[in-house]
Amino acid sequence: MPRDFSRTRRVADQIQRELAGLIRDEIRDPRVGSVTVSEVRVTRDLGHAEIYVTGLGMDEATSRQMVDALNGAAGFLRRQLASRMRLRTVPAPRFHYDPVFDQGARLTRLIDDAVGDDNDQSTGD
């Protein structure tokens, strides 16, 4: 059983690497800007790949439009993956918005604000 997990993890990692290049080099849709493929989860039967992406410098609404564009190009991306990967069946990609980077940036801003407020209070005494 651990061997199966290892294979799905390796396939997911390869899909993540290949998709990053494909999206950057092959997708010409103006809604798709600078994209980070943050995670890929492949089902055990290798039938589907859940792909989590974030648009760099995009707000949530724009990122969701980017995800719609990527899901529209899923067939093209799957064919491109098939030509680059040595698999009998390439998992069908399904893209999802990943808010992790936005949440991280929000937390960083909150921490910076709190530190700035603390510094203002300590210099004011």
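## Helix α3

The buried residues (under 20%) of α3, which spans residues 74–84, are Ala-74, Leu-77 and Leu-81. Viewed down the axis of α3, these buried residues fall within an arc of 60 degrees, taken from the directions from the helix axis to the C-beta atoms, so they line one face of the helix.

## Basis of the model

This is a predicted model, in which local features need pLDDT of at least 70 and side-chain atom pairs count only at pLDDT 80 or more, while totals for chains, interfaces and linings use all residues. Residues are numbered from 1 along each chain as its sequence is written, and side-chain values use heavy atoms, leaving out hydrogens and water.

Helices (H or I, at least four residues) and strands (E, at least two) are DSSP runs, numbered from the N terminus.

## The sheet

Three strands form an open sheet of mixed pairing in the order β1-β2-β3; two strands pair if DSSP finds at least two bridges between them. The edge strands, β1 and β3 (92–97), each pair on one side only.

Strands β1 (residues 35–42) and β2 (residues 48–55) run antiparallel and are joined by seven bridges. Strands β2 and β3 run parallel, with six bridges. Glu-50 in β2 stands opposite Arg-41, and its bridge partner in β3 is Arg-94. Five residues lie between the strands in the hairpin of β1 and β2, where Leu-46 takes a positive phi near 60 degrees.

Methods: Buried means under 20% relative accessible area, exposed over 50%, partly exposed in between (1.4 Å probe, protein chains only).
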